[in-house]
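User: Hi! Could you walk me through this structure with a few questions and answers?

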Amino acid sequence: MASTTDVIVVGAGLAGLTAARRLMDAGLTVQVVEARDRVGGRTLNHDLGDGRIVDSGGQFVGPTQDRVLALAKELEVETFPTYDQGLSTYVKNGSARRFTGDVPPDVAALADVGAVMLRANRTARSIPVDEPWKALGAKALDSQSLTTWIRRGAVTDGGLDLLNILLGSAFGGSATDASALFGLWYVAGAGNEYTAGTLDRMIGVLGGAQDSRFHGGAQMLSLRLAEDLGDAVALGHPVRRIEQDDHGVRVVGDNAQWRAKRVVVAVPPTLACRISWDPLLPAQQDALFSRMALGTLCKIEAVYSEPFWRKEGLSGQGVFRDPTSPVCSMFDNSPPDGGPGILMGFVGGAQWRRWVSLPAGQRRGAVLRAFATVVGKRALAPVDWIEQDWTKEEWTRGGPTSVLAPGVLTELGMWRDVPFRRVHWAGAEHSPYWNGYLDGAVRSGEMTAAEVVAAEGKM
Ligand SMILES: Cc1cc2nc3c(=O)[nH]c(=O)nc-3n(C[C@H](O)[C@H](O)[C@H](O)COP(=O)(O)OP(=O)(O)OC[C@H]3O[C@@H](n4cnc5c(N)ncnc54)[C@H](O)[C@@H]3O)c2cc1C
């Protein structure tokens, strides 16, 4: 196959665009091919109509997420702190209780949560982030669900409920969906090369993964990357087929095709294995990718003329252990200048499954009633309403990331990043640190670009 380009990058999310930038930095020619008519993938700026935007996809960033922070600096995209002043609210069976910090004041469950955090942080330290299947006791940890592992610490229903609420937003699923090894490896990755990952950092706001947001929205990173890449980004071209031989690759869309020496596939693994491959993907890689389904997550934003809850000393943050609430957790997602006021709720995992089949009016009513429990009745009358269900996105199919069930990491995990001849893999699910996060996407884009540059003998 005669090639006109050195590398084709499939997918113009943060990982693909970062890879493309680094490949060009190294002097290679690049063509990015994207299915949607926009860049940014799982990041999405919703235009509020007055020059302001709100994030409908990935948005938070925090300490140890060095690669995405460095990229933001390079692209001159600044961050600002998540609104975290005043009291947060814990809603349990319809009644609201105010609290400060990250852990809700559920007296019966608190000791359990503390014990799980300690045990998780300690075990996570023994898991190699590059090769979790080589951890001491990996097989045993991977043969049980995270629920089973949590229960081993004599954790009560209350403790498990609280952890599942946190996982509803973090995984778009529950502890039953994940293997214990996967969950603990995820904790191990919530750090960097110098700082061990912890569950506290994963769930925390101030100093944690929810510490800050990006001015102009997280999609601004991809918009700036694409601006710099110019004509090298082709939008509206779903890649249907990838062929390769000893001389190069051919990437085929509906009415266009591209040839190159190599290809970086930077789409969620569950979509990578739906592409038609010639030759076929190695069976182990196909089996792994098809087991990397994303969680189920919907993000709701209710817009108000002002963030009225701030005057009442409320942070707008809430955690729900309440069977009537579809919302797992909520945040004040107002723009950095404070107006308009925006409350954002995550509907994920089991809550999503119960709520998604309701008619639109009932879905909205249930979320607004949950918001009202936290900030009062004014929450019932927003001026705007944005419901972004990521399971309905053909080129994502869920969110925020892939969650691996028991057995998958130890049987197939080692195939995740292995190049398939001239095909290299990138994406948030391919990162050792902050796997599934914006930082993981940037890290993987940079690591894969370096792998391709080395393979092309440019280093
Ligand atoms: C609701 C939600 C909230 C989140 N919150 C946070 C957060 O607060 N902080 C955080 O760090 N992370 C968060 N995340 C995760 C974060 O957004 C992702 O990890 C990151 O954006 C993934 O980037 P990526 O480039 O790896 O993949 P993607 O963004 O999924 O990009 C893949 C690209 O490939 C394209 N594509 C797919 N198939 C094809 C095909 N066949 N042909 C061509 N193109 C194709 C897609 O259209 C997409 O543009 C959240 C995610 C969601 C959904």
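Predicted model: local features only at pLDDT ≥ 70, side-chain atom pairs only at ≥ 80, totals over all residues.

**Domains, fold and a helix pair**

User: How many Å separate the centres of domain 1 and domain 2?

Analyst: Residues are numbered from 1 along each chain as its sequence is written. Domain bounds come from an automatic or database domain assignment. Taken over C-alpha atoms, the centres of domain 1 and domain 2 are separated by 32 Å.

User: How many residues of domain 2 are in contact with domain 1?

Analyst: Two residues are in contact if their C-beta atoms, placed from the backbone, lie within 7 Å. Domain 1 brings 10 residues to this contact, and domain 2 brings five residues.

User: What percentage of the residues in the chain are buried?

Analyst: A residue is buried if 20 or more other C-beta atoms, placed from the backbone, lie within 10 Å of its own. Of the 459 residues in the chain, the buried share is 55%.

User: Are α2 and α16 roughly parallel or roughly perpendicular?

Analyst: Helices are DSSP runs of H or I with at least four residues, numbered from the N terminus. Axes are lines fitted to C-alpha atoms over the stretch in contact, and angles run from 0 to 180 degrees between N-to-C directions. Helix α2 (residues 66–74) packs against helix α16 (residues 438–455) at about 80°, with axes 7 Å apart. Because angles of 65 to 115 degrees count as roughly perpendicular, α2 and α16 are roughly perpendicular.

User: Which residues of α2 make the contact with α16?

Analyst: On the α16 side, the contact is made by L438, D439, V442, R443 and E446. On the α2 side, the residues are R67, V68 and L71.

Technical notes: Helix = DSSP H or I, 4+ residues; strand = E, 2+ residues; numbered from the N terminus. Parallel < 35°, antiparallel > 145°, perpendicular 65-115°, else oblique. Buried ≥ 20, exposed ≤ 12 C-beta atoms within 10 Å, placed from the backbone.
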